[in-house]
Amino acid sequence: MDVIDTEIPDVKRIKLKRFGDSRGWFSETFRADTMARAGITTPFVQDNQSFSAPQGTIRGLHFQIAPQAQAKLIRVLQGAILDVAVDIRSGSPTFGKYVAVTLDAENGEQLYIPHGFAHGFCTLTPDVMVAYKVDAYYSPAHDRALAWDDPEIGIPWPVSGEAAILSDKDRRAPKLAALGQMF
């Protein structure tokens with residue numbers, strides 16, 4: 001497993017090694033000691049999984065505020081996504097900037113997103129399954145969202161606003177300027 005900095009160094013790409021033979025392959029998807037050597041000591045407490053049937057589904061941008069803020073480790077079990085993390089840490093030199101990475105089941109790469117980031121993804125194929133670990137339990141009282149299409153952030157989503165399939169929550173999410181200080 002290789003842990004690699006992204007354009008925002010606190011967000012990490014995790015490239016897994018696969019060991020294959022005539023039966024298929026085997027891969028370690030999480031190993032605490034390897035992650036710790038890369039500076040990731042997050043104690044994950046919950047695993048989540050989502051399924052999105054149509055291509056062009058956008059989930060996010062979501063985050064939880066303290067004391068239930070969540071770090072996440074994202075991977076795709078089936079299909080492919082454009083995975084996005086937006087820095088919403090007040091005072092950060094990368095505040096309002098984003099990292100966008102294509103994750104797919106074929107290569108098994110993962111994305112680690114620390115506290116202080118809004119997270120979302122767009123499905124690039126139909127029938128996408130995403131699994132992710134979090135370090136705090138889901139808390140509706142601390143759950144927040146950021147507008148996926150905020151022009152000040154400028155994420156180049158692979159789907160237009162008219163074609164994007166969104167939840168009502170995501171459709172109504174405020175822009176970054178209206179959030180106030182979250183972290």
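Here are some questions and answers on the strands and sheets of this predicted model.

Q: What is the order of the strands in the open sheet of five strands?
A: Let's start with the ends. The edge strands here are β9 (98–104) and β13 (143–145), and each pairs on one side only. The pairing in this sheet is antiparallel, and reading across gives the order β9-β8-β11-β6-β13.

Q: How many bridges join strand β8 to strand β11?
A: In the five-stranded sheet, β8 sits beside β11 in the order β9-β8-β11-β6-β13. Strand β8 covers residues 80–87 and β11 covers residues 117–123, and the two run antiparallel. The number of bridges joining them is seven.

Q: Which residue in β11 does L82 stand opposite?
A: Strand β8 takes in residues 80–87, and bridges join it to β11, residues 117–123. Look across from L82 into β11 and you'll find C122.

Q: Which are the edge strands of the open sheet of six strands?
A: This sheet is antiparallel too, with the order β1-β2-β10-β7-β12-β5. An edge strand here pairs on one side only, and that goes for β1 (2–5) and β5 (46–52).

Q: By how many degrees are neighbouring strands of the six-stranded sheet turned against each other on average?
A: The strands in question follow the order β1-β2-β10-β7-β12-β5.

Definitions and conventions
Residues are numbered from 1 along each chain as its sequence is written. This is a predicted model: local features need pLDDT of at least 70, side-chain atom pairs count only at pLDDT 80 or more; totals for chains, interfaces and linings use all residues. Side-chain values use heavy atoms; hydrogens and water are left out. Two strands pair if DSSP finds at least two bridges between them. Helices (H or I, at least four residues) and strands (E, at least two) are DSSP runs, numbered from the N terminus.
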